[in-house]
Amino acid sequence: MENIVEKSVRVGSAGYYVNREHLVITKPEAGNVADITEQAIAAGKVLKGRNIVLYALAALMDDEENPGQQRLAPNATLINEGVIEIHMHDIVDAYKAQVKATPDDPNGTYRFVKCFAMAAGKDSTIINEGIIRIYFDQEKDLETAVYGETLLAGENSTVINNGTIELLGNGSFDTQTRVIALPVNNVTIINNGKINVDVEKASTVRVLATTGIGGTIANYGSIRINSTGRIMTIARFANTHLINAGDIDIVSRAHFIVNKVSFLYQSYPLACAFYEHSLPNTQLVPPLVNKGTVKIHLEGSEASTPKAVAFGIYSEMVGKEEHIHRMENTGSITVSKSGPYDFLVAEVGVNAQSAKDFPYHVEIGEWHTEARNFTETKDLFVCNSGIFDFAHTRLTLTGDNAVPDVKAESLVYQRDEAMQRGDTFQVLNADKLVITK
């Protein structure tokens, strides 16, 4: 019979641990819970918040600045070769009265109820070779901010999934689900395994992401998502290297959710494989590269509103950008839709949810796509504001569809409302576009 252990594992600074047990963590009790004040980079700001965390395997140390609390310990190496399961129901039920109703609520103690499957501080290494499952089994209509973090580490860390990670359950619209999402600088994130996010209700989903600068994120495995809200699968905020050479399959059950987080702006539903939300960059921006397979379906409803969107790559600028953003797809990107509205879907979206005119230079490199009448479908490259450059574009058209002569201008669609309000739109070097069939 499999050995099930219901107690968390804690190591300290420079700690090393290999889990080969079946850890099942459900009860918020001494030894399973950390009271922790965390600092993170989000939306270009450095944020601090006190959270209550149910953890399975973590490198922790006492927080000298906050007696009775803990913080993530540095220089740790954590490896999972067994099974880790976390259930959120009991900790949410135990602490829901102590969670702030809003970020500035003076009557609450904690900003979020959280979980860590595996977590450590800066300069650490975290590797999953086994199975990790997080069950968001709290009351699904409860308005308590829940933040599920699977693998977490501090700056200058490496986090790798070679096994299986599953995020499951009913969730709630106050749930934020994270697989490997590190809000710090200079991290390496690699998925070689299988990731499955199947959560009925969530406000946001991030799978492989950083909100810091620098580092690398690569997917060589498989990622499956079936959820709601804003789905941002491989995501960066600045000059992180991004590549997908695996499989990404997303079903977005798009649902408009009222934002309650003060430092974030109100957004409509979004699903994308690559997500780039940038302030003007001070350094060169590495290209976004897809060499794998991306499939996204926007499954809309009345709750989606007509403004729900889905893109293979979505990039939005929140200031005047001087650097070139390069995008390349030698794999495949397929985006489809269903529902009561004519939703906007495309292989690439630029500033498509922005109400401000912040155009920046987008250079399309080699791009493979199915042949079709792009003037009619308007689903290859779309924008509100944008400058699309075809100086180095080699467009390879696949399939047997007969299409008229393809011109660079027909590949890009500026949304009608953006055109009417005068948003900047340009197509550069149209004469240098190379097309192969």
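Author: Contact here means heavy atoms within 4.5 Å. With neighbours within four places in sequence left aside, Ala117 is in contact with Ala56, Leu57, Ile84, Ile86, Ile132, Glu149 and Thr150. The model is a predicted one, in which local features need pLDDT of at least 70 and side-chain atom pairs count only at pLDDT 80 or more, while totals for chains, interfaces and linings use all residues. Residues are numbered from 1 along each chain as its sequence is written, and side-chain values use heavy atoms, with hydrogens and water left out.

Ala117 lies in strand 10 (residues 113-119); helices (H or I, at least four residues) and strands (E, at least two) are DSSP runs, numbered from the N terminus. Ala117 counts as buried because its relative accessibility is 0%. The cut-offs are under 20% relative accessible area for buried, over 50% for exposed, and in between for partly exposed, with a 1.4 Å probe and protein chains only. Between the C-alpha atoms of Ala117 and Lys337, which are 220 residues apart along the chain, the separation is 34 Å.

Met88 has its own set of contacts. Apart from neighbours within four places in sequence, they are Val113, Lys114, Cys115, Ile134, Tyr135, Phe136, Asp137, Gln138 and Val146. Cys115, with a relative accessibility of 0%, counts as buried.

Leu167 is found in strand 15 (residues 164-171). Its relative accessibility is 1%, so Leu167 counts as buried. Not counting residues up to four places away in sequence, Leu167 touches Ile134, Phe136, Thr150, Thr177, Arg178, Val179, Asn196, Val197, Asp198 and Val199. Leu167 and Ile86 are 81 residues apart in sequence, yet their C-alpha atoms are 9.7 Å apart in space.

Ile190, in strand 17 (residues 188-191), is partly exposed, with a relative accessible area of 21%. Leaving aside neighbours within four places in sequence, Ile190 is in contact with Val159, Ile160, Asn161, Ile180, Ala218 and Tyr220. From Ile190 to Ile217, 27 residues apart in sequence, the C-alpha distance is 5.9 Å.

Cysteines raise the matter of disulfides. A disulfide is a covalent bond between the sulfur atoms of two cysteines. The test used is a pair of cysteine sulfur atoms within 2.5 Å, and a search of the whole structure finds zero disulfides. For Cys383, the closest cysteine sulfur is in Cys272, and at 16 Å it is too far for a bond. Cys383 is buried, with a relative accessible area of 0%.

On a 1 Å grid over the protein atoms alone, a cavity is a set of points where a 1.4 Å probe fits but cannot get out, and a pocket is an open set with protein on both sides within 12 Å along at least five of seven lines; lining residues have an atom within 4 Å of a point. Grid points are joined across faces, edges and corners, and a volume is the space filled by probe spheres set on the points. This rule gives one cavity of 30 Å³ or more, and the largest cavity has a volume of about 30 Å³. Lining the largest cavity are His89, Val92, Asp93, Gln138, Glu139 and Leu142. They divide into two nonpolar, two polar and two charged, where Ala, Val, Leu, Ile, Met, Phe, Trp, Tyr, Cys and Pro count as nonpolar, Asp, Glu, Lys and Arg as charged, and the others, Gly among them, as polar.

The second largest pocket holds about 450 Å³ of space. Of the 20 residues that line it, Ala352, Gln353, Ser354, Ala355 and Asn384 are the closest to its centre. Its lining has nine nonpolar, five polar and six charged residues. Strand 28 (residues 309-317) gives the most to that lining, with three residues.
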